[in-house]
Each structure stands twice: as C-alpha cells, then as structure tokens.
Amino acid sequence: MKKKAAFVEIILIIFFIFMASICFAEPTGKSTATEVNEAYEGVPAKLDPAVTKDPSYIQPWNGYNPPYTGKKEFEKYLPSQTYNIKAEETYNGIEVGSNKWMVMAGEEALNAAKSGGGPFGAVIVQIDDKTGKVIRYWKGHNHVTEWVDPSAHAEISTIRTVCKELGVIDLGKIEKNKAKLPQTGETSHCEIYSSTEPCPMCYATICWANIPVLIFSCTRYDAAAQGVNFSDEKIYNELAKLYSKRTERKVLQSSIPNSLDAFNYWKRSGTSTHY
C-alpha cells in the first residue's frame, strides 16, 4: 500500500509540475499578422468633387440591412443608414473610393459589433519601401468592454500589437536590422485603414507611431448618429478652448520644486532613447 501511495504521489507531483509549466510558460511570441507579399495598389483613388457634390449623386451602398431586435416602439427611429454624414467642409479634398483593405476594416468592425464589442475595426498594412509590396497585415478591433480598458480603441489596440510584434515604435520607418519580422528592403512602413474617423486619442496615437497614411470610412458624424451614440463632439470642443474655459472637467497646472527633474535628467544623461 505504501508503494502504491508513493507511486500516486509521484504521479500527482509530475502532473502539477506539468500544469504549472503550461500556466506560467512564457508566450511564444508568434505573430498574429497575415503574411501576403503582394503588390500594393496604393490608397483608393480620389473621388471627383464635381460628381460627389452633384445633388443627384448617390453614394454606393451594399444594401446590408440587419433585422431590428430592440424594443418595437423604437424601431421606426433607428432605420439603417445608407450614406456617410459629411457635415461642414471637414472632408473636402480627401474623399476617395474603396479598396480591399478599407473593406476589410469595415468587416472587422461588424465582427466586433456582432461579438458584443464596440463597432470599430482597423487594418494596418506593412509595405516594403524597396518593392512596394504589402509584406503583411494586421486586423484589430475595439476591446474597451472586453478588456475593461477605455483606451483599447481599434486603432490603438492594433498599433500596440504591430509595434510589439515588429519590436519597433516608429511605424513610419521600419529598419530591417531592427525589426523582429523579416522584410526584403532595408526599410518599410505601415499605413492604417480605420472603419471610422479616429477619435482625438487614436489620431494622436497614429501620429506618435509616425504612421504616414490614414484612410477611414465612417465619419465622426456617423459615429454620433442616433442609436450609435459614439460622439467625440465634447472632446473636440474642449480641445479648442483655453484650459480656463473648459467645462467638462477641472484642469490645473501645478508648480512644484521637482517638476523639471525628469526632463533635466532626460536631456543631460546622454543615455535617453529619443522617439
């Protein structure tokens, strides 16, 4: 009996060691990108303003009209939208057609909405500067509620993934000898396709990542439409005001003796990594 108990004990120890090795193992670091190595057709062709401003112009629509599943009394107030809302002159001169990457971002947004997430998607393509080919691409979507993270918007979540997997923070000039993933030429860069006009936070992140090209589809006005209710208007209004005139939250600038310590160390240490 003692030998049997000892044998069982050894088996249990081996089992727990095995389970611990699984639970606490380092991540494999496998890339989530899709490798393609195909010619890049460039950003979508520019639309002719003379056509789009014509009163008879009808924006292309795929006819997607999902069934209404909310409260019956509200159905008449929430019809499917068939065209993008372009208020004021915000989009004059930047209107373009479509390509497969832009469509893919829209599909990612729909998948996110169907799975209970925010209705936003993004696609980042990495383009080899020597060959002009798309090396690979990443798809991402909004994870705010899933991750309980208000900063996990589609663009930011996707940029985080791309930077981590490439091992770089500058997506405008990715050097071959510094990138974790292979590329043909000495340098490459990324372009981002967003299903919706990025909010100020996401736009700033795109800038900090040095991504040179942004293409989006839905506008901020589409996102703010009745029933969608993702409005950035308060943020835009706040940013346009002096701090003393802002009303959404109290903002104060504090004077402290050590306020410049970190900056002084940064510029005088000689070891700081500038970005």
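1. Aromatic pairs. In this predicted model, a search of the whole structure finds five aromatic pairs. One of them joins tyrosine 91 and tyrosine 221 in an edge-to-face arrangement, with 6.3 Å from centre to centre and 90° between the planes. This pair links distant parts of the chain, since tyrosine 91 sits in the loop between helix 2 (49-52) and helix 3 (100-114) while tyrosine 221 belongs to helix 7, 130 residues apart.

2. Cover of the two tyrosines. Tyrosine 91 has a relative accessibility of 5% and therefore counts as buried, whereas tyrosine 221, at 21%, counts as partly exposed. The limit for a buried residue is under 20% relative accessible area, and the value of 21% for tyrosine 221 should be read with that limit in mind. Ring pairs also bring in Phe216, so that Tyr91, Phe216 and Tyr221 are linked into a cluster.

3. A phenylalanine pair. Phenylalanine 120 and phenylalanine 230 form another edge-to-face pair, at 5.0 Å centre to centre and with 80° between the planes. Because phenylalanine 120 lies in the loop between helix 3 and strand 2 (121-128), and phenylalanine 230 in the loop between helix 7 and helix 8 (233-239), the pair ties together parts that are 110 residues apart in sequence. Phenylalanine 120 counts as buried at 16% relative accessibility, while phenylalanine 230 is partly exposed, its relative accessible area being 38%.

4. The second largest pocket. The second largest pocket holds about 380 Å³ of space. Its lining consists of 22 residues, and those closest to the centre of the pocket are Phe120, His153, Cys199, Phe230 and Asp232, a list that includes both members of the phenylalanine pair described above. By class, the lining residues divide into 10 nonpolar, eight polar and four charged. Helix 4 (144-147), helix 5 (154-166) and helix 7 (220-223) each supply at least two residues of this lining.

5. Threonine 219. Threonine 219 lies in the loop between strand 6 (213-218) and helix 7, and it is buried, with a relative accessible area of 1%. When residues up to four places away in sequence are not counted, threonine 219 touches Asn84, Ile85, Lys86, Tyr91, Thr196 and Glu197.

6. Aspartate 48. Aspartate 48 is placed in the loop between strand 1 (34-39) and helix 2, where it is partly exposed, with a relative accessible area of 44%. The C-alpha atoms of aspartate 48 and valine 96 are separated by 8.5 Å, although the two residues are 48 apart along the chain.

7. Helix 9. Helix 9 covers residues 261-268 and is hardly covered by the rest of the protein, for the count of buried residues among its eight residues is zero. Glycine 270, which follows helix 9, has a positive phi, near 75°.

8. The chain as a whole. The protein chain has nine helices and six strands, and buried residues make up 29% of its 275 residues. Of the contacts between residues at least 6 apart in sequence, 58% join residues at least 24 apart. The chain exposes about 19,200 Å², and carbon and sulfur atoms supply 59% of that area.

Conventions: Residues are numbered from 1 along each chain as its sequence is written. This is a predicted model: local features need pLDDT of at least 70, side-chain atom pairs count only at pLDDT 80 or more; totals for chains, interfaces and linings use all residues. Side-chain values use heavy atoms; hydrogens and water are left out. Helices (H or I, at least four residues) and strands (E, at least two) are DSSP runs, numbered from the N terminus. Buried means under 20% relative accessible area, exposed over 50%, partly exposed in between (1.4 Å probe, protein chains only). Contact means heavy atoms within 4.5 Å. Accessible areas come from the Shrake-Rupley method with a 1.4 Å probe; for residues, only the protein chains shown count as cover. On a 1 Å grid over the protein atoms alone, a cavity is a set of points where a 1.4 Å probe fits but cannot get out, and a pocket is an open set with protein on both sides within 12 Å along at least five of seven lines; lining residues have an atom within 4 Å of a point. Grid points are joined across faces, edges and corners, and a volume is the space filled by probe spheres set on the points. Ala, Val, Leu, Ile, Met, Phe, Trp, Tyr, Cys and Pro count as nonpolar, Asp, Glu, Lys and Arg as charged, and the others, Gly among them, as polar. Rings of Phe, Tyr and Trp (its six-membered ring) pair if their centres lie within 6.5 Å; planes under 30 degrees apart count as stacked, over 60 as edge-to-face and the rest as tilted.
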